Amino acid sequence: MFRYKCRHTSDMIVCTATGRLTFDTLRAIAVDCRKEMPAAKVLYDITHATAADLSAGELEEIIHLIGQYLGRHCSGKAAIVAHSGVDYGLARMFGTFAEIADLPVEVRVFRIAEVAKEWLAGDIP
């Protein structure tokens, strides 16, 4: 069963997912977490989830939908934390697609949540 929860802290949104990520659930997470704070720093923790069922085409479509939703007036940073090799690789692919699509959000992928938080806070380049 898939579940996710987004919570706001003083300086970022933390979205934690568990279970199997699908096209629909990934789309919901990506858009829902930015509804209230489109210029926010967001940490997506998928360390207890798997994206192994997603295709490259679905990742590209999610990027397209996010681009339509955000427009060009939003900005921010998004850190994705993934442990497994497959999920880490898919998250990197997602970040690459975001860069190619020129999304107004900088996406980076990490294996360690604390390092991701440091990057979001601007403590590391």
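Biologist: In this predicted model, which residues is Val115 in contact with, leaving aside its neighbours within four places in sequence?

Modeller: Val115 is in contact with Phe110 and Ile124, once those neighbours are left aside. Val115 itself lies in helix α4, residues 113-121.

Biologist: Is Val115 buried, partly exposed or exposed?

Modeller: Its relative accessible area is 30%. Buried means under 20% and exposed over 50%, so Val115 counts as partly exposed. Val115 and Ala79 are 36 residues apart in sequence, and their C-alpha atoms are 9.6 Å apart in space.

Biologist: How do I read the sheet?

Modeller: Strands of a sheet pair through backbone hydrogen bonds, either parallel or antiparallel. Here five strands form an open sheet in the order β1-β2-β3-β4-β5, with mixed pairing. At the edges are β1 (3-8) and β5 (105-110), each pairing on one side only. Strands β3 (residues 41-50) and β4 (residues 76-81) pair in the parallel sense over five bridges. Asp45 stands opposite Val81 in β4.

Biologist: Which strands does α3 touch?

Modeller: Helix α3 packs on the sheet and touches β3, β4 and β5, its direction making about 165° with that of β5. Helix α4 also packs on the sheet, touching β3, β4 and β5, and its direction makes about 175° with that of β4.

Biologist: What span should α3 have?

Modeller: At 1.5 Å a residue, the 16 residues of α3 (residues 85-100) should span 22 Å, and the end C-alpha atoms are 22 Å apart, which agrees.

Biologist: Which residues in α3 are buried?

Modeller: An α-helix has 3.6 residues a turn, so residues three or four places apart point the same way. In α3 the buried residues include Asp87, Leu90, Ala91, Phe94 and Phe97.

How values were computed:
Residues are numbered from 1 along each chain as its sequence is written. This is a predicted model: local features need pLDDT of at least 70, side-chain atom pairs count only at pLDDT 80 or more; totals for chains, interfaces and linings use all residues. Side-chain values use heavy atoms; hydrogens and water are left out. Helices (H or I, at least four residues) and strands (E, at least two) are DSSP runs, numbered from the N terminus. The expected span of a helix is 1.5 Å times one less than its number of residues. Buried means under 20% relative accessible area, exposed over 50%, partly exposed in between (1.4 Å probe, protein chains only). Contact means heavy atoms within 4.5 Å. Two strands pair if DSSP finds at least two bridges between them. Axes are lines fitted to C-alpha atoms, for helices over the stretch in contact, and angles run from 0 to 180 degrees between N-to-C directions.
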